[in-house]
Amino acid sequence: MARTAAIGVQDFAKIVEQNYFYVDKTQFLKEWWENGDAVTLITRPRRFGKTLAMSMADYFFSIRHAGRGDLFAHFHIWKEEEYKKLQGSYPVLFISFADVKEGSYLQTRKKICKIIKELYRQYDFLLEGELLREDEKKEFQSVSVDMEDYEASGSIKALCGYISRYYEKNVILLLDEYDTPMQEAYVNGFWEELVRFTRALFNATFKTNPFLERAVMTGITRVGRKSVFSDLNNLEVVTTTSYKYADCFGFTQEEVFAALDEFGLSDRRQEVKQWYDGFTFGDSRDIYNPWSILNFLDKKKFAAYWANTSSNSLAGKLVQRGSKELKADFERLLQGEAVTVQMDEQIVYDQLDEDEQAVWSFLLAGGYLKVKKFHSAMDDFGEWREEYQLELTNFEVRVMFRNMIRKWFHGGSCGYNDFIKAFLADDIQAMNVYMNQVAMRMFSYFDTGKNPSQKEPERFYHGFVLGLLVELSDQYTLTSNKESGFGRYDVMLEPKIAGADGMILEFKAQDSDQEKDLAETANSALEQIEKRRYEELLLEKGIPRERIRKYGFAFCGKRVLIARAGTLD
């Protein structure tokens with residue numbers, strides 16, 4: 001009988017004791033311990049088992065869980081005699097910043113200080129007896145949500161000292177989701193303040209702490225060393241492109257297929273692979289997101305489980321605010337192509353609005369993109385360049401971005417399906433009504449970046465219409481900016497169904513110096529289709545000339561006119 005695929009359970013002991021579905025990842029404990037790194041930062045996308053791995057490490061190493069070898073008895077780690085002796089042998093501090101999602105610096109600082117205060121409460125027993133001096137007891141009791149910065153920055157280091165003295169052993173420190181407060185700080189505009197506070201806290205905790213045995217930090221992103229980690233030279237950073245711990249987070253294909261067998265779903269392997277495969281960590285390919293797999297095992301149906309969780313707003317915001325070049329690259333990604341970019345895997349949040357390398361780095365770290373190829377070399381100017389060839393991770397991510405783009409333009413009574421229905425029916429009047437409604441409602445909403453859409457209207461409408469038409473990918477092969485005839489068409493739809501029409505779309509912004517109205521602009525777009533013979537590619541595919549529809553999209557600001565060949569005087 002298949003185990004229960006429990007959703008959202010992140011406590012290792014509960015999973016084992018209740019016999020919930022679990023993929024053995026205890027090899028991480030052995031690998032991490034044998035690497036011997038002083039402080040390890042591991043970045044993985046959200047919902048990839050980071051918190052569960054930290055819980056597992058806590059139950060394995062912590063003195064508080066001494067004698068709980070039964071939790072590991074059936075897993076790989078318990079086959080190693082020397083590791084049986086390590087179970088329950090160290091004092092462990094397990095801290096999580098997962099809930100630090102406040103909207104201001106003051107509230108964020110208080111929340112972090114509250115977490116530290118609650119950590120101290122677990123060790124109130126240290127106040128008894130003569131272990132601590134009277135001044136140390138006063139300092140211990142002075143830890144509060146309102147403590148001064150200098151007290152806060154050294155508070156975890158001080159607690160490590162007290163604990164180390166009590167147990168006569170240095171402390172293992174586990175910090176989960178270290179970067180959650182930083183993402184909120186970026187979104188809410190208090191990045192610089194939080195960086196100053198966090199830098200001092202991390203420096204005292206992880207660098208100048210003589211009571212630290214080892215430490216692991218987890219998060220989604222690798223925040224730039226010059227900001228938060230400027231003083232930490234003992235940090236081993238493990239990103240999605242690193243070889244260390246490559247298969248310790250996420251499910252391998254072998255593990256997923258074994259799970260499908262257990263749940264009687266062996267016949268769904270290829271569909272599961274299409275939907276959820278595609279993550280790449282180091283040299284390990286075919287990694288699956290655990291959240292989506294668990295949900296599929298539980299519900300037995302396909303959906304964008306990981307992509308539909310609530311943490312995608314920043315990714316969407318970055319794409320929405322991006323330049324025309326970034327939008328053009330994203331257009332290619334949505335069509336299944338790869339893009340090549342230069343970037344640094346370190347992320348400085350205050351550069352996300354200005355440096356698109358940081359945007360690509362965030363999208364890669366977040367799991368939205370995967371590395372197809374990587375190349376590094378010295379350029380002609382003596383600078384080291386790192387080039388990444390990137391693709392969307394899988395079908396689930398493509399669905400997420402397609403739906404996200406659709407929502408950007410989905411306004412009130414303007415039903416998305418209205419345009420698709422009108423387009424398929426060749427109803428020019430309805431197409432114009434819909435497009436003008438959207439332009440009036442949503443144009444300014446989209447235009448929030450440093451490269452206003454008024455300066456790139458063709459890209460704006462081109463990207464929007466392309467996003468709408470992606471829904472027709474089961475009926476048409478959708479391509480954009482490809483060569484045909486004597487130029488590059490904007491959008492082409494090649495029918496997959498025999499007898500259906502092929503379509504060519506051309507977009508043009510009105511040149512008020514040359515064109516008196518939108519009708520003239522639309523005619524110019526249609527003339528370009530004819531003169532450059534964009535239909536050649538469809539004709540070569542065997543589509544009769546009379547079955548090829550040609551549309552000109554003309555626009556000026558928020559006014560749009562769509563015309564088909566023969567519909568204008």
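This briefing covers the open sheet, the nonpolar cores and the cysteines of the structure. The model is predicted: local features require pLDDT of at least 70 and side-chain atom pairs pLDDT 80 or more, while totals for chains, interfaces and linings use all residues. Residues are numbered from 1 along each chain as its sequence is written, and side-chain values use heavy atoms, leaving out hydrogens and water.

**Sheet**
- Five strands form an open sheet in the order E2-E3-E4-E1-E6, with parallel pairing; strands are DSSP runs of E, at least two residues, numbered from the N terminus, and two strands pair if DSSP finds at least two bridges between them.
- Strand E2 (92-96) and strand E6 (235-238) are the edge strands, each pairing on one side only.
- Five bridges join E2 in the parallel sense to strand E3 (residues 171-176), and Val92 stands opposite Ile172 in E3.

**Nonpolar cores**
- The largest nonpolar core has 109 residues, of which Phe202, Trp360, Leu363 and Phe401 touch the most other members; a core is a set of buried Ala, Val, Leu, Ile, Met, Phe, Trp, Tyr and Cys residues joined through side-chain atoms within 4.5 Å.
- Apart from this core lies another, of 35 residues, including Trp32 and Val92.

**Cysteines**
- The whole structure contains zero disulfides, a disulfide being a pair of cysteine sulfur atoms within 2.5 Å.
- Cys248 counts as buried because its relative accessibility is 4%, whereas Cys556, at 32%, counts as partly exposed; buried means under 20% relative accessible area, exposed over 50%, and partly exposed in between (1.4 Å probe, protein chains only).

Key
Helices (H or I, at least four residues) and strands (E, at least two) are DSSP runs, numbered from the N terminus.
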